[in-house]
Amino acid sequence: MYSAKQNGNRVLFGTSGLLYLSNKLMFDRETNSLWRQFTGEPVVGPLSESGIVLERLPVVLTTWEEWLAEHPDTTVLDDDTGIYRRGEYIREQNPNSVYFEYRRTSDLWFPVWQRSGLLEDKGAVLGDRVGDAARAYPLDALRQEPVLNDRLGDTNLVLLTTPGSGAVRAYRRGDHLFDTISPGGNNSLASA
C-alpha cells in the first residue's frame, strides 16, 4: 500500500489494465504516467525519469472479524463509490469474476521469467523491504512459526502471525528476541 500524496498533493490513480513482468501497472490521472504497483515508481510517461517513489504504508491482510475486534471504531468505504454502476463490479470471490477460476488452480496465465523453485507458483508471500534489502516470506511457513525473529539488511525484525486469519505484521525489534507465550510455561522475552 502506498500514500497517494506527492509534494502535499493528492494523486488519483487508476488501473491501466496493463502488466509488466506479470505485475499490474497503475496510471495517475494527471500525467497518465504508468506506475509499477510492485515498487511504487513511475516507469513510462512524463514522470518516468523523475525519481519519484510513492511512500509505502503499513498494511495488514486479515479478516473483517479480527480487524473489528481490535479496531472497533473502524469505518469502511461503501461499495457504491460512483466509479462503477451498481452490479457492474464483480468481486473476485464471485464465480462470474474473471479471476475466480484462476485463483482455484495452480496454472499461470502469464509467463514468469525468473524462477528459483523455492516457492510454489502463485504461493502467497509477505514481501518486506528495508532500504535496499528485500525478502519474501511464504505465508504458509509463517503460519507454522507465528513468531519469527529475522534480520533484513541491517535491521532486526520480528514477524507476528495471527493463528486464525494468518495476518502477518512485521516490526523492528531492536536487540530484543521474541517468543510465543505458552500457558503456564516459561514465557520469554529476552534481549539478544
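1. How many bridges join strand E10 to strand E11? Strand E10 (residues 155–161) and strand E11 (residues 168–172) run antiparallel and are joined by five bridges. Strands (E, at least two residues) and helices (H or I, at least four) are DSSP runs, numbered from the N terminus, and two strands pair if DSSP finds at least two bridges between them. Valine 158 has tyrosine 171 in E11 as its bridge partner. Six residues lie between the strands of this hairpin, in which glycine 166 takes a positive phi near 80 degrees.

2. On the basis of the note: this is a predicted model, in which local features need pLDDT of at least 70 and side-chain atom pairs count only at pLDDT 80 or more, while totals for chains, interfaces and linings use all residues. Residues are numbered from 1 along each chain as its sequence is written, and side-chain values use heavy atoms, with hydrogens and water left out.

3. Arginine 36 has glutamate 41 in E6 as its bridge partner. The hairpin has four residues between its strands, and glycine 40 takes a positive phi near 75 degrees.

4. Asparagine 23 belongs to strand E4 (residues 23–28). With a relative accessible area of 14%, asparagine 23 is buried (buried means under 20%, exposed over 50%, partly exposed in between; 1.4 Å probe, protein chains only). Its side chain makes a polar contact with the side chain of glutamine 37 at 3.1 Å, and also reaches the backbone nitrogen of phenylalanine 38 at 2.9 Å. A polar contact is a pair of N or O atoms within 3.5 Å; within protein, one must be able to donate a hydrogen and the other to accept it, and residues adjacent in sequence count only if both atoms are side-chain atoms.

5. Valine 112 lies in the loop between helix H2 (100–104) and strand E7 (125–130). At 40% relative accessibility, valine 112 counts as partly exposed. Which residue is 91 residues apart from valine 112 in sequence and 7.3 Å apart in space? That residue is leucine 21, the distance being taken C-alpha to C-alpha.
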